[in-house]
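Here are my notes on this two-part reading of the model. Please keep the structure open as you go through them.

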Amino acid sequence: MFQLLNTFLIGITAGSIYSLMAISMVLVWRSTRVVNFAQAGLAMLSTYFGYEIIHRFDSYWIALPVAMIAGALVAAGIELIFMRLLLKHSSQGAIASIAPIIATLGLLGLIKSIIGYFWGNQDVIIESPLSNVGFTIGTQTLALSPMKTFIIAAVVFMVLVLTFIFQRTNLGLALRASAYAPEISRLAGIKVDLVRTVGWALAGAAGGAAGMLQTANGNGALSPDSLEFSLLLAFGFIAAVIGGLDSLIGAVIGALLLGLVLAFVLTYVGGSLVFITAFVLLLVVLLIRPGGLISQKAGRRA
Amino acid sequence: MSLFIENLSVHHGAIHAVNNVSFKVEKGQLAALIGANGAGKTTLLRTLSGLNKATHGKAHWNETNLLHEKPEQLVRHGVSHVSEGKSVIPELTVKENLEIGALWRRNKKEMVVSLNEVVELFPRLGERLEQRADTLSGGERQMLALGRSLMSKPQLLLLDEPSLGLAPLVVEQIFQSIKDLTSSMGITVLLVEQNAMGALKIADIGIVLNLGSIAVTGDASALIADPQVRAAYLGY
Ligand SMILES: Nc1ncnc2c1ncn2[C@@H]1O[C@H](COP(=O)(O)OP(=O)(O)OP(=O)(O)O)[C@@H](O)[C@H]1O
Ligand SMILES: [Mg+2]
C-alpha cells in the first residue's frame with residue numbers, strides 16, 4: 001500500500017517535468033509545424049546558464065527564472081535567424097518535411113558541442129535548493145520531499161499561467177489563431193511571424209524550467225552527454241505525441257500518464273523495461289487513437 | 001481616393017494567371033469582378049491583399065502600394081480580404097473569430113464597439129458568440145468571415161465568392177448586407193463572384209475577366225444589358 005503511494009508520487013513528479021518538455025514541443029509544433037529535437041539542447045543550455053548564476057550568486061531561486069529567460073531568448077533567436085531562413089528555402093516538396101527535422105537534430109549536436117567547449121565535458125553539479133529527503137509518516141519515508149513538492153507546485157503554476165495566457169489574453173488568441181490558420185490570421189492583421197517567434201520563446205522558457213527542475217530532482221549532475229536530458233527529450237516527445245502534439249492539455253495528460261506508467265513498471269516490473277514501455281505506450285495510443293488522446297474532433301463541415 | 005490597378009500581371013510558375021489587367025474603382029463604389037472558373041479572379045484578389053506576388057504592374061489603394069506590403073500590414077492601411085470558401089477558423093469560437101480581426105488595433109474598447117456593430121448587422125452571430133465556428137451553417141460562416149473583416153475597420157473590402165455554396169435566399173441576404181456596407185459606411189468593395197447576375201445587380205461597375213485578361217468593363221447596368229456579356233457570362 002505504501003509502496004503503491006510512493007510509486008504514484010514518483011510517477012507524478014517525473015510526469016510533471018516531462019509535461020514541461022512536452023509543452024515546449026507542442027508550442028513549437030503549433031507555431032511552426034516543426035518537431036524540435038533541439039529542445040533538449042536548449043533546455044540543457046538554459047540549465048548551464050542557471051548553473052552559472054548559481055555559481056556566482058549562490059541562489060537556485062534566481063537561477064530558475066534566469067534559465068527560463070535565457071531559454072526564451074535563445075529559442076526566439078533560433079527561430080528568427082535559423083528556422084525562418086530554413087523554412088523559406090525549403091518550403092516545397094519532400095525536403096520541406098525532412099529538412100526541419102534534420103536541422104533540429106543538427107542544432108542539438110551543435111548546442112551540445114558549444115556547451116562542451118565552454119563548460120567542458122565533465123559533470124558540473126547543481127545542488128538541490130530544498131531537501132530531497134522524503135517526508136516521513138511514522139517509520140515510513142514518503143517519496144515526496146520538499147524539493148519534489150516544489151517541482152510539482154512549480155509545474156502546476158506554470159501550466160496555469162500558460163493556460164491563462166492562451167485562453168484569456170490577446171496574445172494567446174493570436175497564438176492560437178496563427179497555429180490553426182496562418183493565412184486567415186495574416187488577413188486579419190495578426191503578425192504571424194512575430195507570433196511564431198513568441199511561440200518559440202515560450203517553448204524555450206518551458207524547456208529551461210524543465211532542465212532546471214529535472215537536474216535538481218536527480219543527483220544534480222549536469223553534462224553535455226547527460227543521459228537524463230536525452231530521456232527528458234524522448235519522454236517529453238512521446239508524451240507530446242500521446243497528447244496529440246497540438247494540445248497543451250494533451251501534453252500534460254500524456255506526460256502524467258507516461259510518468260505514472262513508467263514509475264509502476266520501474267517498481268513492479270523492472271528497470272530494464274522502462275524505455276521499451278514508453279515506446280509500447282506510444283504505439284498503443286497511436287494505434288487506438290492516431291490523432292493522440294486529445295485530438296481535435298472534426299467539426300461539422302457545412 | 002480609389003483603387004487603381006495598371007498593367008498588373010501575376011504568374012503561378014509558368015501559368016500567366018493575371019495578364020496586364022488595368023482598372024479603377026472609385027471610393028464608395030461596389031465593383032463586381034466576374035469570369036469563368038480559372039479566369040484569375042482569386043489570384044488577382046490575393047495579389048491585392050499581399051498574399052501573392054505580382055510579376056509586374058501597379059496596384060494602389062489611395063497612397064498605399066498594394067504590391068509591396070504583407071497582408072498584415074495592408075490591413076493597417078484599411079485593406080481587408082475575405083478569402084475564398086468561408087474563411088473562418090473552425091477551432092475558435094464565433095467571438096474569437098471576430099476578435100482576431102481587431103487585435104491589431106490594440107484597443108479593447110474599440111474592439112467591443114466593433115463587436116457590437118457586427119452583432120447588430122448579423123444578429124445570428126450575436127446569438128452564437130460562444131459557439132465554436134465549426135458548428136455554424138454555411139451562411140452563418142460567411143457572415144462570420146464578413147464580420148471579422150469589418151472588425152478591422154476596412155475601407156477597401158476584397159470579397160472572394162461570398163455566395164459560394166449558399167442557398168439562393170441566403171445569397172440574397174449576404175448581397176444585401178454587402179450593398180448596405182458600401183452605401184451606409186462608404187466602404188469600397190471589390191466583389192468576386194460566380195453568381196455574375198446577382199453581383200452585377202448590386203454593383204456600380206463590372207469587370208469581366210477572361211483567361212487572365214479583361215474582356216469587358218463598364219457600368220454594371222450596361223454589362224447586364226450587353227447581349228455579348230449576357231450570352232457569355234450571364235447564361236441567357
Ligand atoms: N497556387 C497555384 N499554383 C499554380 N497555379 C495556380 C495556383 N492558383 C491558381 N492557379 C492557376 O491560376 C489560374 C487562375 O486561378 P484562380 O484561382 O485565380 O481562378 P478563379 O478565377 O478564382 O477561379 P474560380 O472561379 O474557379 O475560383 C488557374 O489556371 C489556376 O489553375
Ligand atoms: Mg476563385
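The points below cover the chains, the ligand shell and the cavities.

1. Ground rules. This is a predicted model, in which local features need pLDDT of at least 70, side-chain atom pairs count only at pLDDT 80 or more, and totals for chains, interfaces and linings use all residues. Residues are numbered from 1 along each chain as its sequence is written, chains are lettered from A and ligands numbered from 1 in the order in which they are written, and side-chain values use heavy atoms, with hydrogens and water left out.

2. Chain A. It has eleven helices and four strands. Helices (H or I, at least four residues) and strands (E, at least two) are DSSP runs, numbered from the N terminus. The radius of gyration of chain A is 19 Å, close to the 19 Å that the globule rule gives for 302 residues, so chain A is as compact as a globular protein of that length. The radius is taken over C-alpha atoms, and the rule is 2.2 Å times the number of residues to the power 0.38. Along the principal axes, the C-alpha atoms of chain A fill a box of roughly 65 × 45 × 35 Å.

3. Chain B. Ten helices and ten strands make up its secondary structure. Its radius of gyration is 17 Å, close to the 18 Å from the globule rule for 236 residues, so chain B too is as compact as a globular protein of that length. The C-alpha trace of chain B spans about 45 × 40 × 35 Å along its principal axes.

4. Ligand shell. Ligand 1 is surrounded by 14 residues, counted when a heavy atom lies within 4 Å of the ligand. The closest are B:Asn37, B:Lys41, B:Thr42, B:Thr43 and B:Gln194. Strand E2 (15–26) and helix H1 (41–48) of chain B each supply at least two shell residues. H1(B) gives the largest share, three residues. By class, the shell has four nonpolar, seven polar and three charged residues. Here Ala, Val, Leu, Ile, Met, Phe, Trp, Tyr, Cys and Pro count as nonpolar, Asp, Glu, Lys and Arg as charged, and the others, Gly among them, as polar.

5. Ligand contacts. Which side-chain or backbone atoms lie by the oxygen atoms of ligand 1? A side-chain N or O atom of B:Asn37 is 2.8 Å from one ligand oxygen atom. For B:Gly40, a backbone N or O atom lies 3.0 Å from a ligand oxygen. For B:Glu161, the side-chain distance is 3.4 Å. The protein covers 61% of the 630 Å² of accessible area that ligand 1 has on its own, by the Shrake-Rupley method with a 1.4 Å probe.

6. A cavity is a set of points, on a 1 Å grid over the protein atoms alone, where a 1.4 Å probe fits but cannot get out; lining residues have an atom within 4 Å of a point. A volume is the space filled by probe spheres set on the points. The largest cavity has about 40 Å³. Its lining includes A:Leu27, A:Arg30 and A:Phe166. H1(A) gives the largest share of that lining, three residues.

7. Second cavity. Its volume is about 30 Å³. Residues from chains A and B line this cavity, among them A:Leu187, A:Ala188, B:His81 and B:Arg148. Strand E6 (79–82) and helix H6 (138–151) of chain B each supply at least two of the lining residues.

Technical notes: Polar contact = N/O pair within 3.5 Å; in protein donor to acceptor, adjacent residues only side chain to side chain. 1 Å grid on protein atoms, 1.4 Å probe; cavity = no way out; pocket = protein on both sides within 12 Å on 5 of 7 lines; lining within 4 Å.
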